[in-house]
Amino acid sequence: MVSQRSGHPSHVTPSTAGSTAPSTAPSTAPSTALLTDHYELTMLQAALAAGTADRRSVFELFPRRLPEGRRYGVVAGVGRALDALEAFRFDAEVLAVLEDVVDEPTREWLASYRFSGDVWGYPEGETYFPHSPLVVVESTFAEAVLLETLLLSIYNHDSAIASAASRMTMVSCERPCLEMGSRRTHEEAAVAAARAAYVAGFAGTSNLAARQRYGVPTSGTSAHSFTLLHDTEADAFRAQVASLGAGTTLLIDTYDIAEAVRVGVEVAGPGLGAVRLDSGDLGSLAQQVRDQLDSLGATGTRIIVTSDLDEYAIAALAAAPVDGYGVGTQLVTGSGHPTSGFVYKLVAREGEDGAMVPVAKRSTDKISYGGRKYALRRRGRSGTAEAEVVGTGQVPANDGDDRELLVPLVRDGEVVGREPLEAARERHLRSRAELPLAAQQMSRGEPVIPTIRLD
């Protein structure tokens with residue numbers, strides 16, 4: 001993603017840790033087994049005692065609906081979930097916490113827990129719609145039920161961030177968006193948010209832990225405190241340029257914007273990399289700053305805007321001479337939808353005769369559909385998506401233009417679906433591009449394609 005004006009990435013040259021993240025979870029990774037709910041373990045205890053724990057089962061993670069007004073969603077967190085699954089172990093330290101939670105036979109069972117089943121899922125970066133079977137877990141009841149909270153917490157958060165980020169990058173007119181919301185959320189959520197935003201097209205992040213863990217490019221500017229530290233704004237600019245070079249980004253709204261632009265060009269010269277606006281009427285100010293920069297000969301200096309941006313504010317700035325966006329609070333809170341509303345339900349289990357029996361919840365407003373699901377994206381001859389087709393018990397018929405959506409993630413307990421983050425990022429752009437044009441509308445509406453269920 002590049003600036004329309006200059007063709008340079010982001011508002012300062014990003015520092016990268018490589019184009020791909022570490023490919024496997026560290027063998028010394030701390031256990032994720034307690035990132036769960038109490039009732040999953042007490043259900044396990046009761047099932048072990050009843051002799052039903054080993055019944056073959058199919059659980060599915062899916063959305064009943066999209067967040068209100070949204071036209072599509074984005075799957076994110078797949079790689080993080082696979083890492084967490086590999087680290088899902090009940091070691092001595094973890095079992096000590098459970099001494100007054102479950103009985104000794106259950107703790108003994110947990111001590112040797114290793115997920116040995118299969119997991120299928122939508123690959124990371126894929127778009128989704130109501131009732132898309134995003135994750136299908138096939139195993140025993142005992143093995144699969146323990147994964148409910150772990151999977152939901154990762155998928156619900158990361159997909160909410162990626163869904164918001166996708167809307168922002170879609171309306172940014174290919175101007176780069178930088179994630180900078182670390183100070184507006186939990187410290188670990190900030191790292192996951194930076195990763196999810198990158199999947200959905202953000203150019204990078206300010207979060208250094210996301211660089212270390214996942215290889216997300218990082219960049220940054222300066223804060224008002226750096227200007228206030230110095231006796232004059234000119235002194236602050238000189239210090240920054242002397243240390244970071246003329247290609248740096250100067251924050252120009254601490255005092256008087258027009259004077260800051262004049263001083264900035266005087267200090268850095270016409271090769272000044274960028275200036276940042278963090279307050280006021282950003283569209284109007286950007287035009288004034290652009291005119292002034294051009295009059296001073298700094299025609300290549302980029303203008304970056306920040307200040308509580310969301311997809312609507314970014315869309316409103318489409319005609320302004322803006323070269324990039326820094327997005328914080330609205331991104332890391334899902335732009336009004338901090339969770340995706342995914343659920344994890346048992347949809348089939350082994351019957352007395354050994355055959356799989358569909359099961360489903362029938363509560364009002366919380367209906368689920370029994371049976372193992374398969375999905376494909378129905379596309380027209382032009383390649384435009386027309387429907388999400390979900391079949392029960394078998395893969396829906398493919399007329400040649402469609403694409404199957406579920407891929408193997410875990411086979412016989414071994415992770416097989418891990419991939420570089422860049423692959424998820426590229427997939428998202430392809431998946432979003434095949435949606436009908438109505439997906440680009442920021443107005444509230446229904447899902448851009450229907451979900452067709454085939455029983």
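How much of the chain is helix and how much is strand over residues 178-349, and how far apart are the end C-alpha atoms? Over this span the chain is 43% helix and 16% strand, and the end C-alpha atoms are 45 Å apart. Helices (H or I, at least four residues) and strands (E, at least two) are DSSP runs, numbered from the N terminus. The model is a predicted one, in which local features need pLDDT of at least 70 and side-chain atom pairs count only at pLDDT 80 or more, while totals for chains, interfaces and linings use all residues. Residues are numbered from 1 along each chain as its sequence is written, and side-chain values use heavy atoms, with hydrogens and water left out.

In the unreviewed UniProt entry, residues 178-349 carry the annotation "domain: Nicotinate/nicotinamide phosphoribosyltransferase". The entry also annotates residues 34-155 as "domain: Nicotinate phosphoribosyltransferase N-terminal". UniProt positions are given in the numbering used here, feature names are shortened, and annotations may be inferred rather than shown by experiment. Residues 34-155 are 40% helix and 18% strand, with their end C-alpha atoms 17 Å apart. The division of the protein chain into domains gives domain 1 (38-163 + 338-453) and domain 2 (221-322); such bounds come from an automatic or database domain assignment. Between the C-alpha centres of domain 1 and domain 2 the distance is 45 Å.

An open sheet of seven strands has the order β13-β12-β1-β5-β3-β17-β18, with antiparallel pairing. At its edges are β13 (356-358) and β18 (414-415), each of which pairs on one side only. Two strands are taken to pair if DSSP finds at least two bridges between them. Strand β5 (residues 135-140) is joined to β3 by four bridges, and to strand β1 (residues 56-63) by six bridges; β5 runs antiparallel to β3 and to β1. Val137 of β5 stands opposite Val119 and is also the bridge partner of Phe59. Three bridges join β3 to strand β17 (residues 407-411), again in antiparallel fashion, with Gly121 opposite Val407. In strand β3 (residues 118-121), Val119 and Gly121 form a covered face, whereas Asp118 and Trp120 form an uncovered one.

A second open sheet contains six strands in the order β7-β6-β11-β10-β9-β8, and its pairing is parallel. Its edge strands, β7 (204-205) and β8 (249-251), each have a single partner strand, so one side of each is left without a neighbour in the sheet. Strand β8 is joined by three bridges to β9 (residues 274-277), and the two run parallel. Within this pair, Leu251 has Arg276 of β9 as its bridge partner.

Arg276 is also found at the second largest pocket, where Arg276, Met180, Arg183, Asp278 and Thr306 are the residues nearest the centre among 23 lining residues. On a 1 Å grid over the protein atoms alone, a pocket is an open set of points where a 1.4 Å probe fits, with protein on both sides within 12 Å along at least five of seven lines; lining residues have an atom within 4 Å of a point. The volume of the second largest pocket is about 510 Å³, a volume being the space filled by probe spheres set on grid points that are joined across faces, edges and corners. By class, the lining comprises five nonpolar, 13 polar and five charged residues. Ala, Val, Leu, Ile, Met, Phe, Trp, Tyr, Cys and Pro count as nonpolar, Asp, Glu, Lys and Arg as charged, and the others, Gly among them, as polar.

Two residues other than glycine have positive phi values. His131 has a phi near 70° and is placed in the loop between β4 (127-128) and β5. Its relative accessibility of 22% makes His131 partly exposed, where buried means under 20% relative accessible area, exposed over 50%, and partly exposed in between (1.4 Å probe, protein chains only). Glu174, with a phi of about 65°, lies in the loop between α6 (148-170) and β6 (177-179). Glu174 is exposed, at 59% relative accessible area.

Thr127, in strand β4, is buried with a relative accessible area of 0%. The C-alpha atoms of Thr127 and Pro30 are separated by 31 Å, and the two residues are 97 residues apart along the chain. Ala189, in helix α7 (residues 187-199), counts as buried at 16% relative accessibility. Ala189 and Thr333 are 144 residues apart in sequence, with a C-alpha to C-alpha distance of 9.9 Å.
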